[in-house]
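Please look over the sequence and the structure shown here, and then read the notes below alongside them.

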Amino acid sequence: MNKIKISILFFLIFQTVAKACEACEKQQPAVTRGLTHGTGPQSSWDWVIVAIISLITLFTLYYSLKFLIKPGENNKDHIKNNVLNF
């Protein structure tokens, strides 16, 4: 329970640090306003690149969770038990 409280506190403290500054926020399109620094996407290809990276990230997250929870390994010495029993 303490790990959850510490994680939530850490997230709340550093959430304000991660926001964009006012000058960068004015240069961003409405979709990314307040999230990133810089001038924002310069062309349509930038959005394509972001979409592809997002799909790769979601794909990786899905399979990492899938194989962590149900890897198909029944051995009690499997490494997943070190993570799940932590």
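In this predicted model, Tyr-62 counts as partly exposed, because its relative accessibility of 48% falls between the limits of 20% for buried and 50% for exposed. Tyr-62 also belongs to an aromatic cluster, which it forms together with Phe-59, Tyr-63 and Phe-67.

**Aromatic rings**

- The count of aromatic pairs comes to three, and one of them joins Tyr-62 and Tyr-63, whose ring centres lie 4.9 Å apart with their planes at 80°, so the pair is edge-to-face.
- Tyr-63, which is partly exposed at 30% relative accessibility, also pairs with Phe-67, and here the ring centres are 5.9 Å apart and the planes stand at 25°, so this pair is stacked.
- Tyr-63 and Phe-67 are separated by about one helical turn, because they lie four residues apart in helix α3, which covers residues 44–69.
- Phe-67 likewise counts as partly exposed, with a relative accessibility of 45%.

- Ile-4, Ile-8, Phe-11 and Leu-12 make a nonpolar surface patch of about 420 Å².
- Within this patch, Phe-11 lies in helix α1, which spans residues 2–15, and it counts as exposed because its relative accessibility is 53%.

**The whole chain**

- The protein chain has four helices and zero strands, so that its elements run α-α-α-α from the N terminus on.
- Of the 86 residues in the protein chain, 8% are buried, while the accessible surface comes to about 7800 Å², with 68% of it belonging to carbon and sulfur atoms.
- Among contacts between residues at least 6 apart in sequence, 3% join residues at least 24 apart.

Conventions
Residues are numbered from 1 along each chain as its sequence is written. This is a predicted model: local features need pLDDT of at least 70, side-chain atom pairs count only at pLDDT 80 or more; totals for chains, interfaces and linings use all residues. Side-chain values use heavy atoms; hydrogens and water are left out. Helices (H or I, at least four residues) and strands (E, at least two) are DSSP runs, numbered from the N terminus. Buried means under 20% relative accessible area, exposed over 50%, partly exposed in between (1.4 Å probe, protein chains only). Contact means heavy atoms within 4.5 Å. Accessible areas come from the Shrake-Rupley method with a 1.4 Å probe; for residues, only the protein chains shown count as cover. Patches are made of residues with over 30% relative accessible area and no salt bridge: like charges are joined within 9 Å, nonpolar side chains (Val, Leu, Ile, Met, Phe, Trp, Tyr) within 5 Å. A salt bridge is a side-chain nitrogen of Lys or Arg within 4 Å of a carboxyl oxygen of Asp or Glu. Rings of Phe, Tyr and Trp (its six-membered ring) pair if their centres lie within 6.5 Å; planes under 30 degrees apart count as stacked, over 60 as edge-to-face and the rest as tilted.
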